[in-house]
Amino acid sequence: MATVPVTLEVLQMLEQVPANECGALVRQRTDGTMAGALLVEHGRVCWAMSDRYPRRLTDLLVAESDTLTREQINEVFALCRRDRVPLGETLVARGLVSLPVLHRVLFRHTCEALDCLLREDSELWTWVEHSGYGYHPMLTFSTAELLTGIHALEHPTIAARALATLGAALGPEQRGFAIQRTRDARLPLAQIGCEDLDLVEFADLATQANDVMTTASTVAIEVVVAMIGERACASWVEDDLLFLILCDGELAFNRLLAQVATLTRRP
Amino acid sequence: MTAATTAPVMAGVDGAAMPSLAEIADHVPRCLLAAWVEPRTATVLEQHVVHGDPRVALALDVTTEVMRSSERPPRMVLLSADHVLIVQRAAHDPQRALVVICARSANLGFAVALVRMFADARVT
């Protein structure tokens, strides 16, 4: 697993790529060889590659699908290469794989490859601009998604529990995320609907909620609802996980309060 | 039960007298304590204690500390199984926040709305 500061460093660098540009963040070793790269389109990552990452997208797709064969993928791949069109979209357009499955597989591939790439010793990153493909937004990933995905790779069981708890807690038009509280760091492990939060917002919300819960827990406070900026935010802790629900809108605070009050109501 | 009040010197809200902490405590269901605090320094400016439970005094300390350490959100409700801690920054004086601590009841939304209304009242 790449260290947290390195992960943050790269993701922060990604966020500094101009929003409208497309290109690759290439990582070079000190001997001049290329360790891998991230393909970026309009601030979102479309693909990660690392020469240390052993899995191929084909392997993951075949493993996820009952009917898809390597031959079918290879055929579509050759076609896409010839016509310079994206592979994923073409697989979906031909009905060979569903969009949610492709999203899941691409996300896993991107997180795992990025994790390998971040473990390289080199600090050399180069931005190489090129024209974009125009990927489907669902098949590209924000920094918040990648940060969460990379940490979830290291803690899959806790991440699955966090995601299930979050999914059960969220109401309509709400979004949220879960943070694992360790002694040295706060690692995002699950998120629903928070793809577009930038890393600074993500970190600020987590820090504020964590500070409040740490202090408030001394008098057995279980849930806190607060206005943070323009949004209402509810937070609570279960074991070593900190959960946040975010809610926007005029009546967000009252709706959120009514919702979370049931979490602590005595029978 | 104890009742220790320091009367705030405040004038009208749109012509009506702004309630004192004692009056606020009377209006908010199951109120145990009402206080004006200065969030930046976590200083309690004045308070009205309805119930002398040491847990309530501790809750006030923690509430002011939370306000001081968390970039002072303008509105906050902290829920435990027994208590509700309501914090609302004064609309016309950001250096003051109204803190009301109540026992848990079904009227949570009403209590929060009342505290907001009192904190939003204009001091003239």
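A word on the model and its labels comes first. This is a predicted model, in which local features need pLDDT of at least 70 and side-chain atom pairs count only at pLDDT 80 or more, while totals for chains, interfaces and linings use all residues. Residues are numbered from 1 along each chain as its sequence is written, and chains are lettered from A and ligands numbered from 1 in the order in which they are written.

Let's begin with the whole of chain A. Its C-alpha atoms fill a box of roughly 65 × 45 × 35 Å along the principal axes. Chain A holds nine helices and nine strands. Here helices (H or I, at least four residues) and strands (E, at least two) are DSSP runs, numbered from the N terminus. Of the 267 residues in chain A, 40% are buried. Buried means that 20 or more other C-beta atoms lie within 10 Å of a residue's own (12 or fewer is exposed, and in between is partly exposed), with C-beta atoms placed from the backbone.

Next, the domains. Chain A is divided into domain 1 (4–139) and domain 2 (143–264), with bounds from an automatic or database domain assignment. The centres of these two domains of chain A, taken over C-alpha atoms, are 28 Å apart. Their contact takes 13 residues from domain 1 of chain A and ten from domain 2 of chain A, where two residues are in contact if their C-beta atoms, placed from the backbone, lie within 7 Å. On the domain 1 side, α1 (4–15) and α5 (99–118) of chain A each supply at least two residues.

Just after α3(A), A:Arg84 takes a positive phi of about 55°.

Now look at strand β5 of chain A (residues 175–181), where five of seven residues are buried. β5(A) is joined to the antiparallel strand β9 (residues 241–247) of chain A by six bridges, and A:Phe177 stands opposite A:Leu244 in β9(A). Strands count as paired if DSSP finds at least two bridges between them. β5(A) also pairs with β6 (residues 186–192) of chain A, in the antiparallel sense over six bridges. There A:Gly176 stands opposite A:Ile192, and the two strands form a hairpin with four residues between them.

Finally, what does chain A bring to chain B? In this contact, 23 residues of chain A meet 20 residues of chain B. α8 (199–216), β7 (223–228) and α9 (252–264) of chain A each supply at least two residues of the chain A side. α8(A) has 18 residues, and its buried residues include A:Phe202, A:Leu205 and A:Val212. β7(A) runs antiparallel to β6 (residues 75–79) of chain B, joined by four bridges, with A:Val224 opposite B:Leu78.

Technical notes: The expected span of a helix is 1.5 Å times one less than its number of residues.
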